[in-house]
Amino acid sequence: MSMPLAHLTSHQAARTARVSSWDQRGRNQDYWTTPAHSSRVLADLEGPGQITHIWMTQFCRKTLGPGLIDPLEADTVAPVMEIHNALGVNWEEPDPDYYRKVLIRITWDDEEEPAVLVPLGDFFGIGHCMPNSYQSALFTVSAKPEESLIFGGSAALNCWAPMPFDKRARIELVNENDLPIQQYFYIDYELFPQELPEDTLYFHARWSRSNPCNGWAPDIQTNSPEVNIVDVTGEDNYVILDTEGKGHYVGCNLSVHHRQGSWWGEGNDMIWIDDDFLPDGSTSWPPSLHGTGTEDYFNHAWGMQKNAYLYHGAILHEADVPGYSVNYRFHVADPIRFEERIKVSIEHGHGNHLADDWASTAYWYQTLPSPKATILPLEQRLPVRPAGQPMPTPAPRTGRVAEEIAVMREKYRARFERHMERLAERTRQRGERSLQESEANVQQAAAVRRRYDERTNR
C-alpha cells in the first residue's frame with residue numbers, strides 16, 4: 001500500500017530549481033517593485049516540469065506624511081521603513097484593499113487563456129483583504145498578531161498545490177493599483193526529462209463575487225418559518241465554478257460579509273456533473289451531489305468553528321471580526337470528477353433569501369485548453385469595509401502663533417513634496433531593476449533547463 005510520504009523513499013528523475021526575488025546585486029533588498037498599473041513576470045519556465053511550491057510576502061503602503069529617512073538613502077537595504085508611526089520617523093499605512101487590486105495570473109503551455117486569474121489575497125485564502133494565520137493541505141498563511149485581522153496587513157503566503165506544465169509555465173503579478181507593490185517570492189519547481197503523459201490534468205483557479213447575492217428576503221431573519229420555501233431547482237444559487245472539460249474539482253475558499261446580523265448559512269450545496277446537464281442546457285433534479293447546509297459543506301456543524309484542518313476549516317471566523325468570515329473546503333482525498341462539465345453552487349441562505357456579499361476562489365484540475373478567463377473590474381472587487389472616522393479639521397489660531405503655524409505648514413508641505421519626489425524616484429529605480437532581474441531569472445531558468453537536457457540527452 002502507498003503511504004502519503006512514500007515518494008521520499010524512491011529516486012525520481014527530475015531536476016529541482018527555483019526563481020525568486022533575491023537581490024541579484026548581492027545586497028539585501030530582496031524584493032521586486034511592480035509600479036502602479038504594470039505587471040512583472042515572476043517566472044517563465046520551459047517544460048516539461050512541475051511547480052511544487054510558491055511562497056510570497058509583500059507590502060503596499062500609502063505615505064501620509066514626510067518621513068525622516070530619505071527614501072533614496074535607504075534604497076540598498078531591507079525595508080527599514082517598517083517603523084511604528086508613533087515614533088515620528090515615518091507616517092505610512094498599508095493600502096487596505098491591495099490584496100484585491102493585485103492579481104496573480106498563471107498560463108500553461110502558451111495557452112491563449114490563463115489557467116489562474118485570481119486576486120492575490122484570495123488565491124491564498126486572504127478574504128476581504130484581512131489576513132489571518134491558518135494551515136491546510138494546499139495553502140497556508142502566517143501573519144504576526146499585529147498584522148492579523150486588519151485590512152491590508154502583511155503576511156507570508158504559501159501554496160503547495162502541484163502545478164505540472166509540459167511546454168511552458170508563465171507566472172505574472174498584475175498590479176492594477178495606483179500604488180506600487182513590493183513583492184518577495186520563491187517559486188520552486190522541478191524539471192522532467194520526458195514529456196508529460198497525455199492524460200495530465202493542469203491546475204486552474206478562478207475568482208467570483210456577488211455583491212449582493214440575489215436574495216429575495218434579506219429583511220426576514222434566517223431560520224424564520226417564512227423563509228423555508230421549497231427550492232427544487234437551485235437556479236438562483238451562488239455559483240463557485242461552472243466549467244467544461246475533463247478533470248476534477250478540488251475545492252474552494254468562500255468569503256462572506258453578512259449584513260443581516262443573524263446567520264449567513266443554511267444554504268445547501270448543489271453540484272451538477274456531466275449527465276446532470278440536459279440537451280437543452282437545463283439541469284436535472286436532483287444534482288449528483290446535494291448537501292444539507294453551508295456549514296455542512298465546509299465540514300463544520302451548528303455553525304462554523306474556529307479551527308483550520310488539512311482539508312477544511314475557518315480562516316476568518318465571525319467571532320474574530322463580526323459580520324466577516326472566510327472558510328475553505330479542499331477535496332484532496334475526495335476529488336469531484338467530471339468528464340464533460342461541472343457546476344458547483346451553494347444557496348445563499350435557505351432558498352437564496354439572503355443578499356450578502358459572497359466571494360470565492362475555485363480550484364480544480366482539467367485538461368487543456370483552459371476555459372476563458374474573466375474577472376470583475378477593480379472597483380467591483382474591493383472589499384466592503386466599515387466606514388472610518390473622518391480626519392479632524394484644524395482649529396484656527398490668531399496673532400503671532402498663527403503666523404508661525406502658517407510658516408510651519410509651508411515647511412511641512414515642501415518637505416512632503418520633496419519626500420514624495422524622492423519616493424517616486426526610488427520606485428522608478430526599483431521598478432527598472434525588477435524588470436532586469438525578471439529577465440535574468442528567465443535566462444537563468446533557461447540555462448538550468450539546457451544543462452539538464454544535456455545531462456539527460458533529451
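These are my notebook entries on one predicted protein model.

**Ground rules.** I number residues from 1 along each chain as its sequence is written, and I leave hydrogens and water out, since side-chain values use heavy atoms. The model is predicted: local features need pLDDT of at least 70, side-chain atom pairs count only at pLDDT 80 or more, and totals for chains, interfaces and linings use all residues.

**Overall fold.** I looked up the secondary structure and found four helices and 24 strands. Helices (H or I, at least four residues) and strands (E, at least two) are DSSP runs, numbered from the N terminus. I then checked the size. The C-alpha trace spans about 80 × 70 × 40 Å along its principal axes.

Of the 458 residues, 52% are buried. Buried means under 20% relative accessible area, exposed over 50%, partly exposed in between (1.4 Å probe, protein chains only). I also looked up contacts, meaning heavy atoms within 4.5 Å. Among those between residues at least 6 apart in sequence, 79% join residues at least 24 apart.

**His-331.** I found His-331 in the loop between β21 (324-330) and β22 (336-338). His-331 counts as buried because its relative accessibility is 4%. Its side chain makes a polar contact with the side chain of Tyr-297, at 3.0 Å. A polar contact is a pair of N or O atoms within 3.5 Å; within protein, one must be able to donate a hydrogen and the other to accept it, and residues adjacent in sequence count only if both atoms are side-chain atoms. Leaving aside neighbours within four places in sequence, the contacts of His-331 include Tyr-249, Val-250 and Gly-251.

Glu-46 sits in strand β3 (residues 38-46). I get a relative accessible area of 44%, so Glu-46 is partly exposed. Beyond four places in sequence, Glu-46 is in contact with Phe-165, Lys-167, Leu-191 and Arg-449. I also checked Glu-46 against Gly-245: they are 199 residues apart in sequence and 25 Å apart in space, C-alpha to C-alpha.

Glu-172 lies in strand β13 (residues 168-175). Glu-172 is buried, with a relative accessible area of 9%. Beyond four places in sequence, the contacts of Glu-172 include Arg-40 and Arg-105.
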